[in-house]
Amino acid sequence: MTHPRYVCIHGHFYQPPRENPWLGAVEAQDSAAPFHDWNERITAECYAPNSAARVLDGQGRIERIVDNYRRISFNLGPTLLSWLDQHRPDVHRAVVESDHASRQAHRGHGSALAQPYNHMIMPLANARDRRTQIAWGVRDFERRFGRRPEGMWLPETAVDLATLDDLSVAGIAFTILAPHQAARVRPLTDPAGATWETVGSGVDPTMPYRVSLPSGRTIVVFFYDGPISRAVAFEQLLTDGLRLSGRLLGSASERLDRPQLLHIATDGESYGHHHRFGDMALAVALDDLERRDDVRLTNYGEFLELFPPTHEAEIAENTSWSCAHGIERWRSDCGCNGGGPSGHGGWHQRWRGGLRATFDWLRDTLAGPYERELSLLVDDPWLARDDYIDVVLERSEAAIGAFFERHASRSLTGIEVVRALHLLELQRFLVLMYTSCGWFFDEVSGIETTQVLRYAGCAVQLAEDTLGLRPGLEAELRERLAAVPGNLAELPNAAIVYDRFIAPARVDLVRVGANYAVTTLFPNGSTGPNAHAPISHGVVQPPAPNGARADVRPTERTSRSGLAGLFDGSAGTALMYQFEIDRLDHRIIHAGRARVAIGRVRVVSGTTRESTTLSYGLLHLGDHSLTGGARPSPGPAAYDDMVADVSAAFQQADVPGTIRALDRHFAGFPLSLNSLFRDLRRRVVDDVLAATLAETEAVHRSLYDDQAPLLRFLASLSVPLPASLRATAELVVAADLRRALHPVRIDPAEVQRLLDEAHDLGLVLPADTLAFTASATLSDLASHLEDAPHSPAVQAELARAVDATARLPFPVERWSAQNVVNRWLGDTVPPDPALVALAESLGFAPQIAASPTRSASSR
């Protein structure tokens, strides 16, 4: 073989939009514990590790840290990139910089590919939605990567000729498909006389193919190597990186005397999330490939420039990579499911067709009113929708102004701008409700399907408010959803799912103001198990990574969902999710444990700029006893009357009178813990539980201290501890370990004493939660080192933490600490001895610690 072998590994990294559509933030997802949500968890397991993957020596010590993104082809879906940009800017920055680096390495061709915006199954979309998906995906890509995309990954590689034509119109040069999506091929040398060859999965994947389109346009398709891709995703090929590189190189044909592209494509989550340490296996494979003289790592754009197509192909339309039945997985009970080979026993997916038909009805029903109403304000409502992505990407007055400069048919009033934004947001939700994950899994009440139902619910709410379609639209939606069957006795159809999970989640400006009012009574946060990052100046957003593989400097940390640092009573502005809160008045009156909060606020939607002024009054008697309400403010005089009425009753210690006053002034606008947003409700519950849990622990600690000699005596006799005493001992020792692992007071000797105590008594410790605590401590202290890498005190602090966490009898993630130390090792010549010692204690090979080499992850 005289030609070098060209190798390209493509990763499709994607998460669906998970944000509560009313709030614009991802709320807690219990199934992702101990992380706040699945975006946070998969970032810690996959997206972040691939930006700083470890290459180990023969003794399992770190030899190098490398950025995998710089040496592979990849696409990250816009909904994932948006989340990373806000919550893990370090990972977002690494991805963007990797594309820039790949352009230097590959003749100006970047390795990043675009993706239709929210992963809609394109052959099932109508023409308008296809164009919007592509336009939004292209614009999002340009905004992040600073260039036009050459290629675009199709969701689930679902394809038809109309979709390829739309890609070509948008300037996309190529896409990637599965081998079975090739129908026929023939040489381009004599297209008129050449014979078509039916290939199917037997297509030669080592070269690109030109596909002719009905419009007369063309596009290039790469068909990836199916068997090797399948082995990576499902057959444990990532247990050994050298096996992966070997399989790739072994796929080259000795018979072909031409350049060959050896390439695979899988979900990017294979590299760390689906397969633990898959990021490290990928790094080893790339190292092995890169060091060979007869192998060149490439990307699709570079290979296409070097070796244009010599053959053309016809695709198998309405096919995908993840459904053996074409694209039926997203519209019928085809047998494909997400529950493993046998799925959930006895479950059906008949709901898929009915759900899609219901969404198509909703989209088509609202198309005419949308077009009619927005035509009164802009030149072209559908072109405006395609361009609206610029506002979505930058929710600022400047972006909104520039948008209407381009599209408004005349000068618009403020009220007309709000109305136009309502209509455009309605269309955004109608697009988001087709996110493919809503149909991928087994049950209509699953979190993915519930998410797309929430988008439908948002669209209905906006249609009711803006188009005057209440109440018939939602009634007909429910009627249609009632015919969509589920699998659970308690949730027999989609209408029940809608009523249980969607309708109660509706948010309006009054509810936002009421939730804000509650934060004024609970300003300090909680230290309980559900507590999240504190908030400054009332900002409420999803929290930053708090543990495994978190590598975020303090200036880059974002708040997850806690609420703190609220105003001291003076006027001011806060941000609560995507709503601006202008505090006009606020006062709190105390009487023992009881408190009354009274105030007025102006709430402004960050998406539609709709606003209203609200007044609120709340009575908190301690614990979970919270009553009161919030309502549109009736005016200054009525507000003053309410303040006087409630204050007078409360200051006279007349609790029933206070409650009656609140009921009188907020009739029809009640507020309770159940009406709070999910993360705020948990934070309040944590606050309520804090004292109770402290009392409970004190009781157990007293018992443990009293019975410790007896427990040690029983253990010395190998007598099993009574269950009640064992539970007490495990609770106390685990609590003490959490304290000993706290970054402010980390104490290796105390950690060891407690571990010895647990071992001697035969206690079972909560490994997952303690490991998470230990990882968070290392991450916290590593951030201190990032800011003061040569401070002896900071170095000693981290060294104590490394010593303490190394004693734990279960693995602790040290990723962030390793990254920080690696970045600063080569900062001085010779290297700082304390950093060298830290590096060795963190698992670096001694020769690397003493003579570090700069890597892709270096400063």
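I start with a pair of helices: Leu-778, Ser-779, Ala-782, Leu-785 and Glu-786 in α25 meet Ser-816, Ala-817, Val-820, Val-821, Arg-823 and Trp-824 in α27. Contact here means heavy atoms within 4.5 Å. Helices (H or I, at least four residues) and strands (E, at least two) are DSSP runs, numbered from the N terminus.

A note on the source. This is a predicted model, in which local features need pLDDT of at least 70 and side-chain atom pairs count only at pLDDT 80 or more, while totals for chains, interfaces and linings use all residues. Residues are numbered from 1 along each chain as its sequence is written, and side-chain values use heavy atoms, with hydrogens and water left out.

Back to the pair. Helix α25 covers residues 767-787 and helix α27 covers residues 815-825; their axes are 8 Å apart and the packing angle is about 15°. Axes are lines fitted to C-alpha atoms, for helices over the stretch in contact, and angles run from 0 to 180 degrees between N-to-C directions. The two helices are therefore roughly parallel; angles under 35 degrees count as roughly parallel, over 145 as roughly antiparallel, 65 to 115 as roughly perpendicular and the rest as oblique. The crossing of α25 and α27 is left-handed, a term for a near helix turned anticlockwise from the far one by less than a right angle, with right-handed used if clockwise.

Helix α27 also holds Gln-818. Is Gln-818 buried or exposed? Gln-818 has a relative accessible area of 9%, so it is buried. Buried means under 20% relative accessible area, exposed over 50%, and partly exposed in between, with a 1.4 Å probe and protein chains only. Leaving out residues up to four places away in sequence, Gln-818 touches Arg-54, Ile-62, Ile-65, Leu-842 and Phe-844.

Next, a second pair. The axes of helix α23 (residues 723-740) and helix α24 (residues 748-761) come within 9 Å, crossing at roughly 165°. That makes the two roughly antiparallel. The crossing of α23 and α24 is left-handed. Among the residues that meet are Val-733 and Leu-737 in α23, and Leu-754 and Ala-758 in α24.

Now helix α28, residues 833-841, where Leu-835, Val-836, Leu-838 and Ala-839 are buried. Why do they lie on the same side of α28? They cover an arc of only 160° around the axis, which puts them on the same side of α28; the arc is that of the directions from the helix axis to the C-beta atoms. In general, an α-helix has 3.6 residues a turn, so residues three or four places apart point the same way. At the start of α28, a side-chain oxygen of Asp-832 comes to within 2.9 Å of the backbone nitrogen of Ala-834. After α28 comes Gly-843, with a positive phi near 105°.

Last, the loops. Pro-34 sits between β1 (5-13) and α1 (38-47), and a cis peptide bond with omega about 10° joins Ala-33 to Pro-34. Gln-236, in the loop between α6 (226-234) and α7 (241-250), is not a glycine but has a positive phi of about 60°. Gln-236 is partly exposed at 44% relative accessibility. Phe-277 is placed in the loop between β10 (260-267) and α8 (278-290). Phi of Phe-277 is positive too, near 70°, and Phe-277 is partly exposed, at 40% relative accessible area.

Technical notes: A polar contact is a pair of N or O atoms within 3.5 Å; within protein, one must be able to donate a hydrogen and the other to accept it, and residues adjacent in sequence count only if both atoms are side-chain atoms.
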